[in-house]
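Here are my notes on this model, point by point. Please keep the structure open while you read.

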Amino acid sequence: QVQLVESGGGLVQAGGSLRLSCAASGSIFAIGNMAWYRQAPGKQRELVARITSRGTANYADSVKGRFTISRDNAKNTVYLQMSSLKPEDTAVYYCNAYLNRATMGWRDYWGQGTQVTVSS
């Protein structure tokens, strides 16, 4: 069994910062890409940032220059440092990992989501 557990969400004023963490645990053989998605009320889930196992990152245009994704492969953990937050960043943020459980092969796994609310 694999679990992705997110933490770090909360309420912050516009212009503030938050750091999200997501730790993968369980019978994991290898982890490929890890990513953060978000879903605002009434909107579709969208990719915020993705990072490869080697550390190459890409970002949605809306967060470039404000958010930084990173990972600690030894801890099976991905982070999202969010700065200069805007009210439009308000959403539930989901962690995603493409990982290999050996006997089950490669597939996507999702965390339960963490709420980020940015007040104006």
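1. Start at Leu-47. Leu-47 is found in strand 5, residues 46-51. Strands here are DSSP runs of E with at least two residues, and helices are runs of H or I with at least four, all numbered from the N terminus. Leu-47 counts as partly exposed, at 26% relative accessibility. The cut-offs, with a 1.4 Å probe and protein chains only, are under 20% relative accessible area for buried, over 50% for exposed, and partly exposed in between. Leaving aside neighbours within four places in sequence, Leu-47 is in contact with Ala-35, Trp-36, Tyr-37, Asn-58 and Ala-60. Contact means heavy atoms within 4.5 Å. Gly-105 is 58 residues away from Leu-47 along the chain, and their C-alpha atoms are separated by 23 Å.

2. A word on the basis. This is a predicted model, in which local features need pLDDT of at least 70 and side-chain atom pairs count only at pLDDT 80 or more, while totals for chains, interfaces and linings use all residues. Residues are numbered from 1 along each chain as its sequence is written, and side-chain values use heavy atoms, with hydrogens and water left out.

3. Four strands form an open sheet in the order 1-3-8-7, with antiparallel pairing. Two strands pair if DSSP finds at least two bridges between them. Strand 1 (2-7) and strand 7 (67-72) stand at the edges. Each has a single partner strand, so one side of each is left without a neighbour in the sheet. From one strand to the next, the twist averages 15 degrees. For such angles, axes are lines fitted to C-alpha atoms (for helices, over the stretch in contact), and values run from 0 to 180 degrees between N-to-C directions.

4. Strand 1 pairs with strand 3 (residues 18-26) in the antiparallel sense, over six bridges. Val-2 stands opposite Gly-26 of strand 3. Val-5 stands opposite Ala-23 of strand 3. Which residues of strand 1 are on its covered face? They are Val-2, Leu-4 and Glu-6. The uncovered face has Gln-3, Val-5 and Ser-7. In a regular strand, side chains alternate between the two faces of the sheet.

5. Strand 8 deserves a check. Five of its six residues are buried, so strand 8 is largely enclosed by the rest of the structure. Six bridges join strand 8 to strand 3, running antiparallel. Six bridges also join strand 8 to strand 7, again antiparallel. Met-82 of strand 8 has Leu-18 opposite. Phe-67 also stands opposite Met-82.

6. Two residues have backbone angles to inspect. Asn-76 lies in the loop between strand 7 and strand 8. The hairpin of these strands has four residues between them. Phi of Asn-76 is near 50 degrees, a positive value in a residue other than glycine. Asn-76 is partly exposed, with a relative accessible area of 25%. Ser-84 is found in the loop between strand 8 and strand 9. Ser-84 is not a glycine, yet its phi is positive, at about 50 degrees. Ser-84 counts as partly exposed at 42% relative accessibility.

7. Is Asp-89 buried or exposed? Asp-89 counts as buried, at 1% relative accessibility. Its place is in the loop between strand 8 (77-82) and strand 9 (91-100). A polar contact of 2.8 Å joins its side chain to that of Arg-66. A polar contact is a pair of N or O atoms within 3.5 Å; within protein, one must be able to donate a hydrogen and the other to accept it, and residues adjacent in sequence count only if both atoms are side-chain atoms. Beyond its neighbours within four places in sequence, Asp-89 is in contact with residues including Arg-38, Ser-84 and Val-116.

8. Last, the rings. Arg-19 has its charged end over the ring of Tyr-79, 4.1 Å from the centre. Arg-107 lies over the face of Tyr-109, at 4.1 Å from the ring centre. A charge sits over a ring if NZ of Lys or CZ of Arg is within 6 Å of the ring centre and within 35 degrees of the ring normal.
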